[in-house]
Amino acid sequence: MFEFFEQIRLAGRAFSEFSTALFNPTIRLGVTGLSRAGKTVFITALIHALTRGGRFPVFEALATGRIARAQLSPQPDDAVPRFDYEGHVEALVNKRNWPDSTRQISELRVIIDYQSLSGYENSLTLDIVDYPGEWLLDLPLLDKSYEAWSAESLKLSRMPPRDRAAAAWHAHLATLKPDDAADEQAILAASRLFTEYLHACRDVNYGMSLLPPGRFLMPGELAGSPALTFAPLDLPGDGLPPPGSLWAMMQRRYDAYIDIVVRPFFRDHFARLDRQIVLVDAMAAINAGPEAVHDLEGALAAVLDSFHVGRKTFWGTLFRPQIDRILLAATKADHLHHKSHDRLEGILRALTAKAIARVEGVGAEIDVIALAAIRATREAEIRTGGETLDAIIGVPEKGETIGGQTFDGVAEAAVFPGELPADTSRATRERISEVLSGRPPAELW
Ligand SMILES: Nc1nc2c(ncn2[C@@H]2O[C@H](COP(=O)(O)OP(=O)(O)OP(=O)(O)O)[C@@H](O)[C@H]2O)c(=O)[nH]1
Ligand SMILES: [Mg+2]
């Protein structure tokens, strides 16, 4: 059922581009993406292909030589968990299950020996770092005050469809007076309702992506700590918080979040990366509707801005981020017929055009591709009447419902994913949303 790195045409091109000119013998490659984007599957497939001497095109262009061998090596950072490659291969290949969700940073070192065209043996040390994209969304907070963040978060939460998810939190917020004495119970309630709102936005029905602070959704060992117990307040446009007030307390905790969570991530991880792959599940947003697509566009702009922001802040000048190449990849392309891959790529390109222009202005190169790390489907042509339709056949997950039928995790389904809009080069975001919302729903054969 699963075939690692099935040669989806497009994956090759940009990858070989992406990995050329590696003069530096040690490369730190960050792989990120929002939750469920496909990070774990992608890294597992990448390492599998490398260590099994796969014909995977990534490093073919590495000095246009050939890979003699690639092997795993103990990873160098003592404080970072190892990427559980063996566990994930076991799940994917032997058990035929998708890997469990991962909620923290992890790392793996691969040493690649290759022969260059001129016949020399060379070796490249590749450190692959897997971290949640939600952490990137936090980077703009580095130079944002509590007041500015509060105002932005509130504004966003008052726009549809977020306003519906925010109703309970807004009702509580209306009872809070920023200048009143700080009250732990009120802060706890505000923080809980705000976190529930963030979770609701992330829910499948909304599919929202733009959700800082990232750790509110994946708190890890910080769950329940004061640094994660705060929420936006409806504040006056200017002024200072009275000492001992609710406002002062929220502000202090927001600052603690920056100190304890955001700055160490920037310094210890982000600023040390050389290359970055950002995986995007554009299909999920497209399926959730135009609002989710719009929101994804905002989240991607924020993600790409973090490469830009990182450089111009005080912290950026101290720990100069050195990422010079960014690859944006639309994942799970095997959910579409290969004829639509160009279009998926085009959509991702259109969604990120403005943000890309900004990042390129600071000297990082960006490329966009569509790829499938794993091919879990096959393509077929189905004749109905006089027409031949392109279909995708696969096994929907247990409990998944398509076209009103609920699947048991064994039976196959054929879907017609429909056409993605073709010409996105000149298209504006509104145009894409309009086209997408008019897309016929997937049909069950
Ligand atoms: N068809 C297909 N599905 C994929 C592919 N990659 C990922 N998926 C699906 O997407 C889900 C999430 O993939 P993961 O690799 O676990 O995603 P992640 O970004 O590591 O997710 P978190 O660890 O939860 O942040 C998987 O369980 C699969 O259902 C792919 O190449 N093809
Ligand atoms: Mg993962």
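1. The protein contains 14 helices and 15 strands. The model is a predicted one, and the points below should be read accordingly. Of the 445 residues of the protein, 55% count as buried. Among contacts with a separation of 6 or more, 74% are made by residues 24 or more positions apart.

2. The magnesium site deserves attention. The magnesium ion (ligand 2) is coordinated at 2.0 Å by the OG1 atoms of T40 and T102. T40 belongs to helix α2, whereas T102 lies in the loop between α3 and β4 (106–115), so this pair ties together parts that are 62 residues apart in sequence. Since water is not among the atoms, the site may look incomplete.

3. The two coordinating residues may also be described by their accessibility. T40 has a relative accessibility of 8% and therefore counts as buried, the cut-off being under 20%. T102, with a relative accessible area of 29%, is partly exposed.

4. Helix α2 (residues 39–51) also packs against helix α3 (residues 85–94), at an angle of about 95° and with the axes 10 Å apart. Angles of 65 to 115 degrees count as roughly perpendicular, so α2 is roughly perpendicular to α3.

5. Which residues form this helix contact? From α2 come T40, T44, I47, H48 and T51, and these meet Y85, H88, V89 and L92 of α3. The residues of the contact divide into four nonpolar and five polar, with no charged residue.

6. Strand β5 (residues 121–132) is mostly covered, with nine of its twelve residues buried. Strand β2 (residues 26–33) pairs with β5 in the parallel sense, over eight bridges. Within this pairing, R28 has D127 of β5 as its bridge partner.

7. The loop between β2 and α2 holds R36, which has a positive phi of about 70° although R36 is not a glycine. The other point concerns P160 and P161, which are joined by a cis peptide bond with omega of about 0°. P161 is located in the loop between α5 (146–157) and α6 (162–165).

Definitions and conventions
Residues are numbered from 1 along each chain as its sequence is written. Chains are lettered from A and ligands numbered from 1 in the order in which they are written. This is a predicted model: local features need pLDDT of at least 70, side-chain atom pairs count only at pLDDT 80 or more; totals for chains, interfaces and linings use all residues. Side-chain values use heavy atoms; hydrogens and water are left out. Axes are lines fitted to C-alpha atoms, for helices over the stretch in contact, and angles run from 0 to 180 degrees between N-to-C directions. Helices (H or I, at least four residues) and strands (E, at least two) are DSSP runs, numbered from the N terminus. Angles under 35 degrees count as roughly parallel, over 145 as roughly antiparallel, 65 to 115 as roughly perpendicular and the rest as oblique. Contact means heavy atoms within 4.5 Å. Ala, Val, Leu, Ile, Met, Phe, Trp, Tyr, Cys and Pro count as nonpolar, Asp, Glu, Lys and Arg as charged, and the others, Gly among them, as polar. Donors are N, O and S atoms within 2.8 Å of the metal (3.2 Å for Na, K and Ca); water is not among the atoms, so sites may look incomplete. Buried means under 20% relative accessible area, exposed over 50%, partly exposed in between (1.4 Å probe, protein chains only). Two strands pair if DSSP finds at least two bridges between them.
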